[in-house]
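Take a walk through this model, one part after another. Start with the sequence and the fold, then turn to the pockets.

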Amino acid sequence: MKKTLPLFVALLLSTLFYSQKIERIEPANWWIGMKYNTVTLLVYGKDISNLEPKISYPGVQLGASKKVENPNYLFLTLKISDHTKPGILNIDFFKENGKKITQKFPLLEREKESANRESFSQKDAIYLIVPDRFANGNANNDVIPTMNEKTVNRSSEDKRHGGDIHGIVNHLDYIQSLGFTQIWNTPLTENNQPQYSYHGYAATDLYKIDPRFGTNEDFKKLSHEAKKRNIGIIWDVILNHCGNEYYFVKDLPSKDWLNFSDTHTRTNHLKSTVNDLYATGIDKKEYTDGWFDDHMADLNQKNPLVAKYLIQNTIWWVEYAGISGLREDTFSDADKDFLSVWTKTITDEYPNMNIVGEEMTRIPAQNAYWQKDKINSDGYQSYLPTVMDFSLTDNIVTSLNRTDDWYSPWRDVYQGVALDFFYPHPDEQLIFPDNHDIDRFYSRINKNFSHWKLGIAMYMTMRGIPQFFYGTEVLMTNEKAGSDGQRRGDFYGGWKTDAKNTLTEKGLSTGEKEAKAYFSKLLNWRKTNSAVTNGKFLHYAPQKNNVYIYFRYNDQQQVMVLLNKNEEEVTIDLKRYHEAVPTQFKARDIITDQEFSFENTLKIPAATAMILEIETDR
């Protein structure tokens, strides 16, 4: 018995060692030929830090491995030289007795011209989709038994409805026919939360597509199929927070992996503290470090390991799925020094990559603080190319809804656009009538169809990059103001049992059909007119006649936009507009396809938009 005990202990220890496994290694692969060629791997497994990693692969060096407070984590740095060949790198993990675990780490070849991929700009129009509410292409993935939330209930605003990636693929031809060239999906990554998981903003695995939407390969297929139709895919990034069911929230690598990891203090949502000259330290900290919600843990980007994890995750998705652009959620909620590093790293790797940051403010000066090349009084340098223009969204609604005014309701839009001097790149603003966080445009303008057409004409021709929420083209509404679930209502025809179908127009009202035709005609025309897609902007102060007139122009084309909010026809004296157009000219109204010859005056019908392509010798 005395002799067998040491042997039994040795066998037990050997069994325990061999039962030890690597549960995760993130990222699971990398690419050769990247500027970002020093990669920090997060390795996760029971007591994994007790093992010693070693590699042997030509052109790759293993930097110092870093241990943290939690022994279940080990962070490894790989330095990949420019001359490294693609292949499978073996990472061996040794115990003191020499026994090992081997983890395979693929080093892949990049797609041709990956670094120089084309992104979105003013030439594009973006279709915003909430995947769970758009179309159910595969009913088999509606419920995944192993996930926390197993309920699908289309009658509930807060439950999952079953939309998925396959449903989006099925609608690509429709999206292309409308005239869109980019799709922005709200987050598709796994949200394995117990409830309210459909929206995607509480990720529980940043490297995995939520199984109820499909697989990573399904998303890659979506990107590929979209590209065949000249449509790019914009990836929605969340750097500030994640779901509290994330494995590294439930088993923290270190206490400083999260902000307020003990108290879970909620953010004060005071965006102004970031650039307030008089803000206190505690107010600033409670804004950037506070949890966005009880179930959304705030990530500490000041921790270098967290920062690398987030940067690498963004690059990984761009390379893996062929992403054409990025939208970053709750931009200023994250650490601003990290944001500068993140945007610069991404745009250094992909020089043409456009990134739009969500700063949900109606104050242009506050919004402009974050745009690339802005000279800020505190010396902060941002590298964010595009910002979201929430100010214009509100001003257009106010101008359309306002009736009596001492001068003209259009002045809200006019004076709002006049504040573009705050921006170093005023054309690089995302403009939108609504989105998943704002009440539906048609609801906000009190279901006034003529006003809807005026607004849509403006978004099609205004400076900036237009984005439209799915269903705007068929007058989708939310009857309960402020309801996220209703704002994100199910797309008509996305489910086989739907009584209304946007594609076939089954069940659509006459107004909805007219709206769809009007929308598609303008958006498809927009793609053909360089004055709108990359030209300059010139606008005239609205007069008491309630007509807003502006011009888009370049050396090749000129467009005159007239928006008449009146209930009667208005005659325009062209002498006032001589700086932009002669008093005698010919033009085609792209809405009605009518040809006109104007001399001294121009008549615009009541409650109508005119978009005139001016005949020019330029």
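The model is predicted, so local features need pLDDT of at least 70 and side-chain atom pairs count only at pLDDT 80 or more, while totals for chains, interfaces and linings use all residues. Residues are numbered from 1 along each chain as its sequence is written, and side-chain values use heavy atoms, with hydrogens and water left out.

Confidence comes first. It is given as pLDDT, the predictor's confidence in each residue, from 0 to 100. The protein chain has a mean pLDDT of 95, and 97% of its residues reach 70 or more. Residues 1-18 have pLDDT below 50. Beyond near neighbours in sequence, this stretch has nine contacts in the model (heavy atoms within 4.5 Å). Where pLDDT is low, the predicted coordinates should not be read in detail.

Now the strands. Helices (H or I, at least four residues) and strands (E, at least two) are DSSP runs, numbered from the N terminus. Two strands pair if DSSP finds at least two bridges between them. Eight strands close into a barrel with parallel pairing, in the order 10-11-14-17-18-19-20-21. Within it, strand 10 (residues 126-129) pairs with strand 11 (residues 182-185) in the parallel sense, over four bridges. Here I129 stands opposite N185.

Last come the pockets. On a 1 Å grid over the protein atoms alone, a pocket is an open set of points where a 1.4 Å probe fits, with protein on both sides within 12 Å along at least five of seven lines; lining residues have an atom within 4 Å of a point. The largest pocket is lined by 25 residues, and R117, E118, K227, G322 and S324 lie nearest its centre. Helix 4 gives the most to this lining, with four residues. By class, the lining has five nonpolar, ten polar and ten charged residues.

The second largest pocket has 21 lining residues, with F292, D329, T330, M360 and D437 nearest its centre. Its lining divides into six nonpolar, six polar and nine charged residues.

How values were computed
Ala, Val, Leu, Ile, Met, Phe, Trp, Tyr, Cys and Pro count as nonpolar, Asp, Glu, Lys and Arg as charged, and the others, Gly among them, as polar.
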